[in-house]
Structures are given as structure tokens and as C-alpha cells.
Amino acid sequence: MRLHTLHLQAFGPFAGRHTVDFDALSADGLFLLHGDTGAGKSTLFAAICVALYGEPPTDRSVHLRSHHAPADLLTEVTLDVTLAGKRLRIRRIPAQLKPKVRGPGDTPQKAETYLSEWTPNAAGKGHWEALSKSHREAADEIKALLGVSRKQFCQVVLLPQNEFTKFLRADANERKDLLGKLFHTQRFASIEAWLADRKSTLAKTRDEARADVLRLAERIQQAATDDLEPESGAPTASDPTTLTDHARIWATALCTAAATHQQTAGTTLVHAQQELTAFQDKERAVRELARRQQEHRILMQQLDALTQQQAEQELLDRKSAQAQLARQLQSLLHAATEASAKHAHAQKQEVAARALLSPTHATGTPEQLISAGQSIRKDIGALQTLLPEEARAEQLAGELQRLDEERTRLTDALRDSTAWMQQTPALRAALNTRMDKARTAQEDKRQLDTSLTSLAARLTAARLRDEHQLHARKLAERLSEAQATTLAAATEHIDIRRRRTDGMAAELATQLTDGDACPVCGSLTHPAPAAPHPDQPTAADEQAAEARHTRALRAQEKADNELRQALEQAANARGAAGGDTPASDLKAEHDALRQRLAEALAQAADAGPATEELTALEREYDHVTRAHSEGEKRLAAANATYDPLALQRDELHQRLKTARAGAPTLTARITELTQSADHLDAAADTAGATARAAEEDNQANAAASEAATTHGFTSREAAESALLTDNELKAIQKKIITWREHRAAITTRLADAEIATASTEPTADLATATAELEAATARHTRAANAASSAAARTAALTDRATQLNAHTRRLEPLEHSYRTADHLHAMISGTSPTNRLRMQLEAYVLTARLEEVVDAANTRLTRMSEHRYSLVHSTDRASHGARSGLGLKITDAWTGRDRSTDTLSGGESFFASLSLALGLADVVTAESGGQALDTLFIDEGFGTLDEDTLHQVLDVLDSLRAHDRTVGVISHVPELRRRITQRLHVRKNITGSTLVHLTEAAE
């Protein structure tokens, strides 16, 4: 890597545009960067790092933009550099805020990257050819050409203040972290981490498998119950060796014991079953004897009850016999009964029929009744001839009534239409007046709409004008306050900076500590440090004052922009409002116009309804006129028809009144006469029927009495009382048969040999037999439960022993895998007893790299120390259990002994560290692909060297030029200004830092 030029603007303390010509600076192979503390010397290297990697050297948040730069000048860095034979131009614009093109405020500026390559032509000239604008593509290209990461680049290209001394004196862990980042050995640490995770995972899985075995063992103990003594030899968590083979043997022993117990319980159950069968047979025999004895007692009781019913059964036999004799006379008896009933019914009908006759005919003979009926029917025939005239009279009455109603309706309608037609002219005139007013209101509405729209816009503008003017007055006051604040902040900032500059030596003196190098001269002793003034400001005070000044300037600029915007808005609103007319006057005028518009709208809205009403009025007037003429014609016709019809109605009414004889109508009169004739006929018929029924009743009673005497009954009534219905006779016979069959069945059952024998035996003791059976059943139940429990326990133990066997088989390889992972992890992490050096795997790999670094460093250290000192890589085991393998010692050729790097003086530590850093750079470069890093920066530390050592160190640096390498030294030491001719002086002032390229040695 060779740097050519660096362009930067608005970057860090550099407010403007600046260019560093590294080709000119590197003419002698060695150049010096010097300037005041805080001027920005290290910022140049930060700019190179940003150009190459897009990020500053450190991981912490760094503000790249200069606070001194104008707002419209973007922060950017452009680097012209040769990487692996390719000349590239890298331009980067970091993400930042920039002023808006229009209006006040800021807008985000996205990060931009531009990568170009110099392409020469045949004429020896060339041009820049764009390669990419992608951040990712540019980063990949640069990383491929450089071969180192940002952290590696910062470590091997820039040797920062005191950082390489820390590496010299660091312990093994700190040195391992740095070397691991430089040589990318994190993969070996990843292997250690993977093994730790693998060990943890296996431990978790193994513990879960152990827990499963212990849970199954606990379940086996629960299933085994106490009588098998499962606690004896059970697996335990405290002894993991009992969780595999021992656990299987223990479970198998319990299964065997459970099987033996099950066999014993089965034998006991067989004996209990035999005993239960014997007692069941005995109980059934006793129960059967008790049943037969009980049956004999019940049969004897039933037989006694039937014997007591003997007299009742004989009475039923006699009643059945008489009923069967009376059944032979049933037809004659029934005929006599029917004849008597028929005669009585005929008498009732005759009495009822005569009750409907008039007193004149009530006692007449049948012949007289028939004659009177025939006379009445002749009168009915005469009345029926007058029925058509009665219908005509009713028709005439209906027509006359309809004509009266129509004449009344027509008269009322003609009177109403005449009155309405007289009012029509006044209604027509009123509607025309409403239409004229509505048309006038419509014209007024259009004019008012235009005026109201214009006035509303002026009113809105007037209100905005008042608001903007009020806001502008407040902003003017705020701007005055901001200007005063800015002036005070600027005065304060300038005063603090002046006082801090005057007392800078005292500020540096406060940071000095005996034994630490002075950042200016490098001395480890500080005999007379400058004393600070009582009111000496610090860097933090200056930065705080600068920040307050910057915030005040931004607040003033913001207030000024807001005021201009408010005044412009107020002027625009004033023009739209038509001047300075008060908003209240415009509001009153606006309200008055709105009231007038509302009235006009209400008036104009009446145009449609008035037109519709006028049209409807004319239409109705034509209809009423036609209806009035038609009504007059119809009334005249009705009057002409009414009188002839009234005369016919009166004549018919007189004739019909005589024929009705007081009845309301002819039909009613005919109905009365018809009923009278019918009553006479009915009375004549019932009188004849009564005479015939009396004759039949006498004959039937005589025949029935004679037959009853012949069959042994004392009278016809006695025969009738003995007569029974079929159901009654069947019920008596059923009782007789049922009694006889029940008695026969009881007698037969008592004659049975088993019943008879049981009645002679002693009374059966069923309670004792039942008690004995219950006791045997209880013994059998207990034996069956015990056998069932034993079988269930044996099955459960067998099943859980099978599961335990599977879990122990699973646990065995897990135990083996965990032991293997634990052994490997302990070995590569340095905690295993077999790892005697307690060296981690990554440290073991880095040991080889550190040996290469030590060899490369000693080629320069021997020259700088005049062959007195050389670095030695140590693998001695660290004390107190610390890690080993990356130790460093110094071999002193004068004494021939090795000693700690902490025993070196400040100057010796510097050149030893510098040698180590240069060696580290060589090895990292070779490790990353062999790309030469032709430019090297060394930041401070020369102040700790005496004059001779300084010359020796510079000679070593000069030797780097022999290998075409350029070294840039960043230092305050005056001797370097006299020794190095190519110098870049960084100057700071209140407006930002500047750069000056000097080509002569200082006096």
C-alpha cells in the first residue's frame, strides 16, 4: 500500500478543504507530523481509515463533521492510493445533515462511496475510470487488495500512542485477544466454545436421561409396595453408577419376587373358590326347603279361605239357574215391555200436539181436526196470488228512496261548487303575486352569493394576517433574545479559549504521573510542572462553551428564518384581506350578508310551490265547472221521474194492508196460516196412533203373563226380575268356575310329594346358611383381590422394568459421550491435568505466530539496543492458575539472564515495543497474503529516548526506506524537527485547523 494524496473537507478540526501530498512528503522515505495538542494530527490517519474502510479507527462513536465548517460544505474524504499494483481513488461522503435547498431546516445526507481506478493509455497518459458506487462492492474490492481488516490495518500501519507498549507488557490473555484479532484465530476459540456448548448440551441430555431413570425407579418402588422391600439396593442420584447395570439387576429382582408372590396368591384363591362352592350348594338346599315349607303354609291358608266361600257359591248357582229359565221367556217379556212403552209415548205425543191448537179445536175429534185444516189451506192459496204485487211495492219504495238521496246530494254539490268558483279569482291573484316575489329573490341571491364568497375570503385572510403579525412580533422578540445569547456565548467561548491557551502548560502538567512518559517530551520524570491559575479552564470547559456558542448560532439562525417566513406570510395575508380593515368589521359585514342571503333563499324557494299551486288551481277550476253543469242536468231528470213512481207505490200499499190482516207481510201471513193447518193435521194423526197403541199393549201383556205362570214364575214381573244380561250371567258363571278351579289346584298342589315331605321336616334355618355363605364369599373376595393385585403389580413391574431397561440403554452412550466431551474440553481449554502448561488451543496456535513476531522484532531490537537486548517467547506455566503459552521476556546480553519486560526503562520500553510492533506488522502482512504495506505511521513515544538511542531508533526507521517503505512519525519532540526535513505542520486556531508542508529542518 502506497499513499499518494489525501483530500479532506469539513472533517474533524479541519473546517475547509485541505490536501496532503504524500508523494512529496515521502520523497525522503521519512516524514514528520507535528503540531499543537488537539490540532488534528491523528485525525489525518482517521481520514485515511475512513477512506479505506468507511469507518474511523476506533469502534466508539466519533463525530466526523467539523463544527467549524460552513453549513453548505459537506464532509468528505478522497484518498489516492496504490493497492497491490492498482492505483485507486476512493471518495467517501459520510452520513450527515445538510441545509434544505428550499426553506429553513436540515435534511439527511445519505452516505456515498465512489471508487475509481487510474487507467493509463498508450501515450503514457490516462484517466480515472469509475468502478463502483456501492458501499459493499467498494469494501470487498479494497479488502481483497489490502488483505487486512480495519483493526489489523490500524494495528500494523498506525502504531498509536502507548498501544504497542501495552502489548509488550500485557499478560497472556490480553496478548491472546490482540493476536487472535490480527491472525483470525477465533475459529480455534470457536472450537473451544463449541466443545463447551457440546459438553453443556450432553450434560443436560445426560441429566434428563438420569432423571428419567430415577423417575422410573421411583415408580417401580411405588408399584412394588413395601412387602417386597424395594428400597434395598435401589438406584440413587448420589451414585450415578447405580443408574445402569445395577438398576436393571435391581428391577429384575423385584419382578422375580413379585411373580413368586403372585403364584402364592393364586393358590390361596383356588382353595377359597372350592370352599365358596360348597357353601353355595348348602345355601341353595336350605333356601329351597324354606320355600317349600312357606308354600305349604300359604296353600293351607288359601284352602281355608275358599271353604268359607261355600254358601256364597250355592247362592250364585241358584241365581244362574233362574236366569237361564227367564232367558226362555225373554222375547214375550220384551214384546210386552215394548208395547207398554209405545202406548205411553203415543199418549205424550197426542197431548203435545193438542197443546198447539187454538181453544176452538183443542177438544175436537180426529175428523173435526182434519176438516178445519183443509179450510185454512184454501185461504193460503188466495194469499199467494198477491205475492208479486208485494214485491213490486218494495221495488217502488227502493227506487223512490234512491231518487231522494240523489236529489239531496246533487243539490249540496251544486251549492258547494258555486261557492268555490266565486273564490277562485282571489286565489289566482295571490299565487301570481308570490311568483313575482320569488323571481325577484332569485336575482338578489346570485348577487349576494358573489359578494359573500369574496367577503369570506377577505375575512379568512384578515384573521391569518392578524395571527402572522402577532407571531412575527413574538419571533422578533425571540430573535433579539437569540442575538443577545449568541453574542454572550461567542464572547464566553473566545475568553475561555484564550485563557486555556495561556494556561495549556499547566493543563498538561495535571495529567503527568511519575513513571509515565510525558506526552510532549517523553520524559519519565517531571521536576517542575507548571501550576494552573485559580480560574484555569479545562478542555471540557472549552468544548462546552463551543457547544453553547454553536447552539446559540443555530437558534439565532432558526429564529431569523422563522421571522422572515412569518413576515412574508403576514404580507401575503394582508394583500388577500384588502388592506388593514379589522377582522371584526369584516365579520359583521359578513354576518349581515349571510342574513340577507338566508332571507332571499327562503323567498326564492317559494317559486316552485307557487307555480305548482297555480297550475293545480286552473286544473281544478275546469274540473269543477264541468261537474257543476253535469249536476244541474242530473237533478232535473231525477225530479221528473220521482212523482209517477210515488202514485203507484200508494195504490199497492192500500191493497196489501187488507190482505195481511195485521201481519207485517203477505209471507208472514201465509206462514201463520200454514203453521195452524200443520198443527191440526198433526193432532189428528197423534190421536189415531194413541188408539192403535192401546190395543197392542193389552194383547202383549196378556201373552207374557200366561207364559210366566207356565214356567213356574208367580207373575210376569217375577220373570222379568230374574232375567239377567249376557254380561251379568257370564260374570256369575266365571266366579263359580274360578272358585272351583282354584280349589282343585290347591288340593292338587298339597298332594305333591315334595310339598308334603317338606311340611313334615324341621323348619329350615336360612339365616345361618346365608351367614356362612357371606363369610365364605368375603374370604373368596379377599383372595381374589390379593391375586388380582399381585398380577397387576407383576405386570406393572415388568412393564416399568422394560422401560427402565430402555432408558438405561439410552443413558450409557450419553455417559460415555459426556466423558469424552468433558475430557476434550478440559484438554483444549487448559484445565485438564494432562495439559501441563494450562495452554488453550487458540493460545497454542498463536504461540507459533508469536515466535515469528519475536524473530522479526529481534532483527531491529538488537540494532536499537546495540546488541544488548533481544525478546524471548516464554511457555512457562503461569502462577495462580493463569493461562500460559504467550509470555514474553527480555534477554540481557550484558548479564546473560532473562528478565521481565516490566523492568525496562521508558526509553528501552519504547524501542523494544517499536521493534515488536514492526515485527508484528511484518508477520501480519505476510499472514494476510504478502501485500506490502509501504506506509507506516508511528504516533508519539520518542520523548522517552536519550539522544543516542533516538539516533539509533531513527537509523532503524531509515533502514525501512531501503525496503521502499515510508515512515510517518507523529511527535512533539523538537529533535525530530531538526532531524527530519519533510514535515507536515498542523496548526489550530479558532476557525479550524490548517496544514503546512515544510521541506527544511528546523533550527
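How are H8 and H20 oriented relative to each other? They are roughly perpendicular, a label given to angles of 65 to 115 degrees, with under 35 counted as roughly parallel, over 145 as roughly antiparallel and the rest as oblique.

## Basis of the model

This is a predicted model, in which local features need pLDDT of at least 70 and side-chain atom pairs count only at pLDDT 80 or more, while totals for chains, interfaces and linings use all residues. Residues are numbered from 1 along each chain as its sequence is written, and side-chain values use heavy atoms, with hydrogens and water left out.

## Overall make-up

The protein has 25 helices and 17 strands; these are DSSP runs numbered from the N terminus, helices being H or I with at least four residues and strands E with at least two. Of its 1003 residues, 39% are buried. Buried means under 20% relative accessible area, exposed means over 50%, and partly exposed lies in between (1.4 Å probe, protein chains only).

Contact means heavy atoms within 4.5 Å. Taking contacts between residues at least 6 apart in sequence, 76% join residues at least 24 apart.

## Packing of H8 and H20

Helix H8 covers residues 245-308 and helix H20 covers residues 753-760; they pack at an angle of about 95°, and their axes are 8 Å apart. Axes are lines fitted to C-alpha atoms, for helices over the stretch in contact, and angles run from 0 to 180 degrees between N-to-C directions.

On the H8 side the contact involves Leu 289, Arg 292, Gln 293, Glu 295 and His 296, which meet Glu 754, Ile 755, Ala 758 and Ser 759 of H20. Sorted by class, the contact comprises 3 nonpolar, 3 polar and 3 charged residues. Here Ala, Val, Leu, Ile, Met, Phe, Trp, Tyr, Cys and Pro count as nonpolar, Asp, Glu, Lys and Arg as charged, and the others, Gly among them, as polar.

## Nonpolar cores

A nonpolar core is a set of buried Ala, Val, Leu, Ile, Met, Phe, Trp, Tyr and Cys residues joined through side-chain atoms within 4.5 Å. The largest has 81 residues, and Leu 52 and Phe 153 touch the most other members. Beyond its neighbours within four places in sequence, Leu 52 contacts Met 1, Leu 79, Val 81, Leu 83, Ile 90, Arg 92, Ile 142, Leu 146 and Phe 153. Another core, apart from this one, has 25 residues, including Leu 369, Leu 383, Ile 670 and Ala 677.

Arg 150 belongs to helix H4 (residues 150-156) and is buried, at 13% relative accessible area. Its side chain makes a polar contact of 3.1 Å with the side chain of Glu 55. A polar contact is a pair of N or O atoms within 3.5 Å; within protein, one must be able to donate a hydrogen and the other to accept it, and residues adjacent in sequence count only if both atoms are side-chain atoms. A polar atom of the Arg 150 side chain also lies 3.0 Å from the backbone oxygen of Pro 56.

Ser 66 sits in the loop between helix H2 (41-53) and strand S4 (76-83). Ser 66 is buried, with a relative accessible area of 3%, and its side chain reaches the backbone oxygen of Gly 12 at 3.0 Å. Leaving out residues up to four places away in sequence, Ser 66 touches Ala 10, Phe 11, Gly 12, Pro 13, Phe 14, Ala 15 and Thr 75.

## Positive phi values

Ala 10, in strand S1 (residues 2-11), has a phi near 50°, a positive value in a residue other than glycine. Ala 10 is buried, at 0% relative accessibility.

His 867 is not a glycine either, yet its phi is positive at about 65°. The residue is in the loop between helix H22 (841-864) and strand S11 (869-874), and at 59% relative accessibility His 867 is exposed.

Gly 29 lies in the loop between helix H1 (22-25) and strand S3 (30-35) and is buried, at 7% relative accessibility. Its C-alpha atom is 4.5 Å from that of Thr 966, although 937 residues separate the two along the chain.

His 471 is part of helix H12 (residues 387-502) and is partly exposed, with a relative accessible area of 36%. His 471 and Leu 563 are 92 residues apart in sequence, and their C-alpha atoms are 8.4 Å apart.
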